[in-house]
Amino acid sequence: MARDSHEDLPRDRHQAILEATKQIGALLKRDGHRFALAGSVAVYAHGGSGRLQHDADFCVCRADAQAVADTLTAAGLTVRTPPEDWLIKTTCFGQEVDIILELAHRPVTPRMLARAHHLPVDSVHMPVLAPTDLMRGLIEAFSEHHCDFGPVLAAARALREKVDWEDVRRDCGDEPMPSAFFFLLERLNVIEPPPEGPSRPEEGP
């Protein structure tokens with residue numbers, strides 16, 4: 001049975017997050033739910049390096065949210081519904097776990113989950129968001145209130161060869177913060193500029 005307390009918590013935060021991820025992934029697999037790992041642990045599963053210091057994220061379709069919550073509750077986990085209507089939360093091995101219904105205001109869809117790659121997370125295989133979907137969600141989330149480029153830059157470096165950057169750029173459009181991030185990636189030679197030249201942040205009047 002899963003635990004939502006700190007009992008048996010690994011001393012290392014990185015490993016604790018992995019243990020929580022494996023526990024939740026195994027529960028969702030066992031009950032046949034459609035899902036995909038997201039966030040920093042997904043980047044790690046795709047080959048990203050670094051120490052995990054935040055929560056574990058899973059994507060599910062909104063229509064499946066109640067069934068997923070029932071599975072977690074039956075396993076002894078406490079499921080919480082925050083004011084935001086795009087996720088539900090639980091805690092496993094002392095680590096926060098987000099069950100995400102929307103990525104940057106885009107609903108999680110069966111098609112998105114079907115594109116997931118089945119990869120090992122430590123010893124447990126599970127579906128992991130495809131690199132292009134993963135980076136799209138991270139970049140589209142940028143706004144004037146949330147523009148911490150550091151972690152996403154590390155993810156972009158790790159996944160640069162696996163991402164369809166033209167697809168991501170097209171979906172992000174000309175929003176200021178994503179455009180600024182693309183400009184940074186180009187200047188750091190992480191990605192190539194588009195054929196029409198470097199994308200630059202819009203200048204003020």
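Q: Which residues have the most contacts inside the largest nonpolar core?
A: This is a predicted model. Its largest nonpolar core has 64 residues, and F58, M135, I139, W165, F181 and L185 have the most contacts inside that core.

Q: What is W165 in contact with, leaving aside its neighbours within four places in sequence?
A: W165 is in contact with M135, I139, A156, R160, F182, L185 and I191. Among these partners, M135, I139 and L185 are also on the list of residues with the most contacts inside the core.

Q: Why do nonpolar side chains end up together?
A: As a general rule, nonpolar side chains tend to be buried together in soluble globular proteins.

Q: In what sense does β3 pair with β4, and over how many bridges?
A: The pairing is antiparallel, over six bridges, with β4 spanning residues 95-100.

Q: And which residue in β4 is the bridge partner of C92?
A: The partner of C92 is Q95. Two residues sit between the strands of this hairpin, and F93 takes a positive phi near 50° there.

Q: What about β7 and β8, how many bridges there?
A: Strands β7 (residues 117-121) and β8 (residues 124-128) pair in the antiparallel sense over five bridges. H117 has V128 as its bridge partner in β8.

Q: Which residue takes a positive phi in that hairpin?
A: D122 does, with phi near 55°, in a hairpin that has two residues between its strands.

Q: Is C59 buried or exposed?
A: C59 is buried, at a relative accessible area of 0%. C147, on the other hand, is partly exposed at 38%.

Q: Back to C61. How far is its C-alpha from that of P110?
A: The C-alpha atoms are separated by 6.9 Å, although the residues are 49 apart along the chain. Leaving aside its neighbours within four places in sequence, P110 is in contact with C61 and R34.

Q: Where does P110 lie?
A: P110 lies in helix α4, residues 110-114. P110 is partly exposed, with a relative accessible area of 45%.

Note on methods:
Residues numbered from 1 in each chain as written. Predicted model: local features only at pLDDT ≥ 70, side-chain atom pairs only at ≥ 80, totals over all residues. Heavy atoms only, no water. Pairing = 2+ DSSP bridges. Helix = DSSP H or I, 4+ residues; strand = E, 2+ residues; numbered from the N terminus. Core = buried A, V, L, I, M, F, W, Y, C linked by side-chain atoms within 4.5 Å. Buried < 20%, exposed > 50% of the residue type's maximum accessible area, 1.4 Å probe, protein only. Contact = heavy atoms within 4.5 Å.
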